[in-house]
Amino acid sequence: MREKIGFIGLGIMGQPMAQNLLRAGFPLTVFNRTRSRCQPLVAAGATEAPSAAALAQQSDVIITVVSDTPDVEHVLFDPDGVWDGLAPGKVVIDMSTISADATVKFAEKLKSRGCQMLDAPISGGQQGAIRGTLTIMVGGDRATFERCRPIFEALGERIVYMGGSGCGQRTKMVNQVIAALNIVAMTEGLHLARKAGLDLERVLEVVSSGAAGSWMLTHLGPKVLDGDFSPGFMIELQQKDLRLVLEWIERIGDDLPGARLAYSLFTEAVTKGFGEQGTQGLINIYE
Ligand SMILES: NC(=O)c1ccc[n+]([C@@H]2O[C@H](COP(=O)([O-])OP(=O)(O)OC[C@H]3O[C@@H](n4cnc5c(N)ncnc54)[C@H](OP(=O)(O)O)[C@@H]3O)[C@@H](O)[C@H]2O)c1
């Protein structure tokens with residue numbers, strides 16, 4: 001029998017992910033802080049819960065895709081949160097990008113209630129969420145991961161078990177360091193091309209197919225050329241991810257100069273008012 005799923009956080013990523021779960025035939029209950037965002041899912045057959053607690057009561061597996069660590073803590077543990085609707089045997093899957101250390105603490109607390117928590121952050125952007133082709137990196141109990149595999153398969157294509165609690169989030173930090181530095185490289189290169197008076201279409205064509213090619217150049221380069229700064233992944237969320245990386249790396253006594261540089265550039269973009277643009281909007285700090 002299909003697990004009953006409760007989904008919290010219907011933003012850029014959560015909305016299409018929840019739609020894909022419905023399409024795959026999972027009974028779905030949804031909850032979102034801004035209630036109007038539940039409407040497209042209710043129209044597609046989901047049930048709307050009046051609170052995160054009510055959602056947890058009706059669900060076997062509760063998925064969260066919200067912004068940052070305090071937001072996950074809020075939907076899980078504040079009054080009327082998931083905690084208030086839990087019973088032993090239920091599973092929480094957090095697919096947001098948040099602190100690995102906090103994740104381990106949340107998982108321990110949930111375990112005291114007889115519930116397992118998986119950290120399962122995602123990569124692949126808004127298009128990956130829409131197409132159900134996300135990459136999912138999972139930490140937590142292995143048997144729980146196997147139980148939830150059909151859920152992950154409705155959302156993504158590459159699903160990899162990384163180890164115990166927090167290992168999914170630590171892997172996502174690695175992903176975000178590489179992704180952020182690729183965005184810096186892509187925007188600086190295109191800014192240079194513009195300053196050099198080159199034909200940007202042709203630059204994109206030739207550079208994308210050589211050794212400088214990247215996901216960022218292929219997917220976000222054309223948006224830069226079109227002046228399309230609508231968000232697939234917001235600058236302020238990329239800044240948040242780099243902050244998480246720097247907090248973590250400081251705690252383990254290491255240094256990542258490239259990540260520090262990327263953090264300062266994304267912070268400049270936020271300060272200049274570009275925080276709600278897509279990450280390709282980083283080019284606007286140069287112009
Ligand atoms: N976009 C991407 O390409 C991408 C890729 C990989 C990972 N991620 C990660 O996925 C997560 C979601 O990203 P997104 O792009 O979908 O962001 P988003 O569009 O801003 O959506 C955020 C969602 O979280 C909810 N939320 C935020 N704070 C909350 C709080 N305190 N209480 C209750 N609900 C809260 C929002 O509710 P409202 O509707 O009420 O605002 C919204 O549903 C983030 O951790 C992000 O880093 C994003």
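User: Where in the chain is Asp80 placed?

Analyst: Happy to start there: Asp80 lies in the loop between helix 4 and strand 5 (91-94). Helices (H or I, at least four residues) and strands (E, at least two) are DSSP runs, numbered from the N terminus. This is a predicted model, in which local features need pLDDT of at least 70 and side-chain atom pairs count only at pLDDT 80 or more, while totals for chains, interfaces and linings use all residues. Residues are numbered from 1 along each chain as its sequence is written, and side-chain values use heavy atoms, with hydrogens and water left out.

User: Why is Asp80 called partly exposed?

Analyst: Its relative accessibility is 48%. Buried means under 20% relative accessible area, exposed over 50%, and partly exposed in between (1.4 Å probe, protein chains only), so Asp80 at 48% counts as partly exposed. The backbone of Asp80 also has a positive phi of about 70°, although Asp80 is not a glycine.

User: What makes Arg2 partly exposed?

Analyst: The value for Arg2 is 40%, so Arg2 counts as partly exposed. Arg2 belongs to the segment before strand 1, and its C-alpha atom is separated by 29 Å from that of Ala100, 98 residues apart along the chain.

User: Why does Gln169 count as buried?

Analyst: Gln169 has 0% relative accessibility, so it counts as buried. Gln169 is part of helix 8 (residues 167-195).

User: How do you know that the Gln169 side chain makes a polar contact with the backbone oxygen of Ser96?

Analyst: The two are 2.9 Å apart. A polar contact is a pair of N or O atoms within 3.5 Å; within protein, one must be able to donate a hydrogen and the other to accept it, and residues adjacent in sequence count only if both atoms are side-chain atoms. The 2.9 Å between Gln169 and Ser96 therefore falls within the limit.

User: What makes Leu242 buried?

Analyst: A relative accessible area of 0% puts Leu242 in the buried class. Leu242 sits in helix 11.

User: How many bridges join strand 1 and strand 2?

Analyst: Strand 1 (residues 5-8) and strand 2 pair over four bridges, in the parallel sense, with Gly6 opposite Thr29. Strand 2 (residues 28-31) is covered on both faces: Leu28 and Val30 on one side, Thr29 and Phe31 on the other, all buried.

User: Which residues are closest to the ligand?

Analyst: Of the 27 residues that surround the ligand, the closest are Asn32, Thr34, Arg37, Ser67 and Gly232. A residue is near a molecule if one of its heavy atoms lies within 4 Å of it.

How values were computed:
Two strands pair if DSSP finds at least two bridges between them.
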